[in-house]
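User: Please go through the terms applied to this structure and state, for each, the grounds on which it is used.

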Amino acid sequence: MKIKALNGFKDILPEEVALWRTVESQARSILQLFNFAEIRLPVLEKTELFARSIGEATDIVEKEMYTFVDKQITMRPEATASLVRAYIQHGLYVKKPVQRLFTIGPMFRHERPQKGRLRQFHQISVEVLGSENGRIDAEMMALAALFFEELGVNVSLELNSLGCPECRPAFRRELLAFLQSKHDELCDDCRRRVDTNPLRVLDCKNVHCRELVEDAPSILEHLCEVCSDHFSVVRNSLEQLGIGYSLNKFMVRGLDYYCRTTFEFLTTDLGAQAAVCAGGRYDGLVEQLGGPKTPGIGFAMGLERLVLLLQQKGELDGEVPLDLFVAGLGEQGGEFAYTLTHQLRKRGLSVAMDHEGRSLKSQMKQADRSKASFVLLIGDEEVDNRAALLRNMKTREQMSVELRDEEIEAVVSSLLPLR
Ligand code: ATP
Ligand code: MG
């Protein structure tokens with residue numbers, strides 16, 4: 001019996017890694033432009049951290065977490081809680097009043113695996129702690145928009161405000177009354193949500209529930225003055241930065257810690273898995289986790305979905321680039337090739353060679369397959385004649401490279417320009 005990977009846990013094969021690196025390095029360079037610093041966080045945390053931050057009555061905490069029940073620890077389903085935990089634990093607020101941080105890594109949720117939905121998936125999480133200013137909210141969306149533009153993926157931005165503990169109770173009451181009037185028509189999950197987390201009914205994926213909530217009261221009409229002003233700053237700043245968006249009064253997000261601004265970047269190219277980035281403001285979270293009163297805003301992007309979008313666009317998976325393949329033939333040729341390969345690598349050329357004594361034909365095939373830019377042919381005869389053949393694999397041009405006795409250095413120098 002062969003052992004296979006767990007359902008929802010995926011190997012990222014060597015040729016796919018190139019696209020992953022494209023996405024990651026693009027993100028890193030844009031994050032640097034916006035002055036974000038990387039933080040690396042553990043994968044395991046106390047279960048309580050997620051229960052207290054994400055919320056007991058959310059899908060994630062209720063049914064998606066991988067928890068070691070006997071140890072009260074959980075594999076992180078998202079990064080914000082851990083990042084805020086680290087922020088408090090290390091007193092990062094003392095060093096800098098406004099922290100701009102990001103982290104990249106795997107997250108774990110026990111949900112139903114589908115295209116773009118895995119049980120181990122990867123996120124880039126970007127967070128700003130210590131500012132309440134709506135201009136930061138818009139800046140976060142501008143950062144994400146720039147990233148998607150540079151990657152060349154088509155997305156649209158949807159925006160909402162969830163209000164704050166001042167304005168939400170009144171809205172919640174009105175929403176509750178509305179939902180109770182539709183109670184019997186709601187799906188099983190939503191009937192439960194009415195009691196535990198009524199806002200979540202608004203973003204139920206069930207088609208019938210969606211129709212039912214069409215006429216539900218809108219949070220945007222219930223914002224208190226402070227939240228309403230804040231939302232205006234966000235919207236004006238988005239306009240100022242030239243970021244297009246549409247309002248979506250049903251967007252509530254699956255985590256309890258959000259308040260005020262919430263947003264998602266959506267694609268129409270991945271079927272049901274439409275969200276490639278989701279985020280919002282969480283002004284009460286730091287305090288809720290035992291830190292000082294500190295506002296915060298952040299978002300998370302799902303890397304699997306971005307890689308899928310690039311693959312669908314026809315962006316090719318890649319190989320490891322190779323400058324030179326040294327084809328050593330015969331005993332002397334093989335020996336010379338072995339030393340030369342190492343010397344060239346020490347000088348920064350990527351080089352491969354064959355160690356199995358294969359024929360010239362088979363080594364040329366290997367060179368072709370590994371997409372080497374150049375091939376250097378060294379057989380016993382070439383060593384004797386002190387000249388090896390260098391072939392440019394793109395242009396098929398050939399030239400002779402002088403091999404001097406014991407003077408590998410000279411050969412190395414003549415090959416360095418290939419880099
Ligand atoms: P969804 O509605 O797709 O379940 P979510 O609201 O649970 O997403 P968040 O927890 O906000 O998503 O995570 C942010 C982003 O992480 C999502 O927009 C998505 O791109 C990605 N993501 C979330 N869950 C998964 C998963 N199981 N597999 C792959 N990507 C995921
Ligand atoms: Mg989800």
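Analyst: What follows takes the terms in turn, for a model that is predicted.

User: What makes T58 count as buried?

Analyst: Buried means under 20% relative accessible area. T58 has 0% relative accessibility, so T58 counts as buried. This residue lies in the loop between α2 (47–53) and α3 (59–64). Leaving aside residues up to four places away in sequence, T58 touches N197, G254, L255 and D256.

User: Why is S161 called buried?

Analyst: The cut-off is under 20%, and S161 has a relative accessible area of 1%, so S161 is buried. S161 belongs to strand β7 (residues 156–161). Its contacts, not counting residues up to four places away in sequence, are I219, L220, L223, F231, R260, T261 and T262. For T261, 100 residues apart from S161 along the chain, the separation of the C-alpha atoms is 4.4 Å.

User: Why is A170 called partly exposed?

Analyst: Partly exposed lies in between the limits of under 20% for buried and over 50% for exposed. A170 has a relative accessible area of 36%, and therefore A170 is partly exposed. A170 is found in helix α7. A170 and I219 are 9.6 Å apart in space, C-alpha to C-alpha, and 49 residues apart in sequence.

User: How do you know that the span of α7 is close to the expected one?

Analyst: The expected span is 1.5 Å times one less than the number of residues. Helix α7 (residues 168–181) has 14 residues, and the expected value is given as 20 Å. From first C-alpha to last, α7 reaches 20 Å, close to that expectation.

User: What puts the buried residues of α7 on the same side?

Analyst: The buried residues in α7 are R168, F171, L175, F178 and L179. They cover an arc of only 95° around the axis, and so they are on the same side of α7.

User: What puts the buried residues of α8 on the same side?

Analyst: In α8, the buried residues are C190, R193 and V194. Because they cover an arc of only 110° around the axis, they are on the same side of α8. D188 and D195 are exposed and sit on the face of α8 turned away from the buried side. Among the elements covering the buried residues of α8 are α3, α7 and α9.

User: Why is α4 called largely enclosed by the rest of the structure?

Analyst: Helix α4 (residues 80–89) has 10 residues, and 8 of them are buried, so α4 is largely enclosed by the rest of the structure. The buried residues are T80, A81, S82, L83, V84, A86, Y87 and I88. What covers them includes β2 (44–46), α2, α5 (92–95), β5 (99–108), β6 (120–129) and α11. After α4 comes G91, with a positive phi near 55°.

User: What makes a space a cavity, and how many of 30 Å³ or more does the search find?

Analyst: In a cavity a 1.4 Å probe fits but cannot get out. Over the whole structure, the search finds 1 cavity of 30 Å³ or more. The largest cavity holds about 40 Å³ of space. Its lining consists of A57, T58, D59, E62, R192, R193, T196 and R200. Two or more lining residues come from each of α3 and α8, and α8 gives the largest share, 3 residues.

User: What makes a space a pocket, and what lines the second largest pocket?

Analyst: A pocket, by contrast with a cavity, is an open set of points with protein on both sides. The second largest pocket has about 460 Å³ of space. It is lined by 22 residues, of which C164, P165, C259, D283 and G284 are the closest to its centre. At least two lining residues are supplied by each of α2, β9 and α11 (285–288). With 3 residues, α11 makes the largest contribution to this lining.

User: How are the domains of the protein divided, and what separates their centres?

Analyst: Domain 1 is 14–167 + 223–313, and domain 2 is 324–414. Taken over C-alpha atoms, the centres of domain 1 and domain 2 are 50 Å apart.

Technical notes:
Residues are numbered from 1 along each chain as its sequence is written. Chains are lettered from A and ligands numbered from 1 in the order in which they are written. This is a predicted model: local features need pLDDT of at least 70, side-chain atom pairs count only at pLDDT 80 or more; totals for chains, interfaces and linings use all residues. Side-chain values use heavy atoms; hydrogens and water are left out. Domain bounds come from an automatic or database domain assignment. Helices (H or I, at least four residues) and strands (E, at least two) are DSSP runs, numbered from the N terminus. Buried means under 20% relative accessible area, exposed over 50%, partly exposed in between (1.4 Å probe, protein chains only). The arc is that of the directions from the helix axis to the C-beta atoms. Contact means heavy atoms within 4.5 Å. On a 1 Å grid over the protein atoms alone, a cavity is a set of points where a 1.4 Å probe fits but cannot get out, and a pocket is an open set with protein on both sides within 12 Å along at least five of seven lines; lining residues have an atom within 4 Å of a point. Grid points are joined across faces, edges and corners, and a volume is the space filled by probe spheres set on the points.
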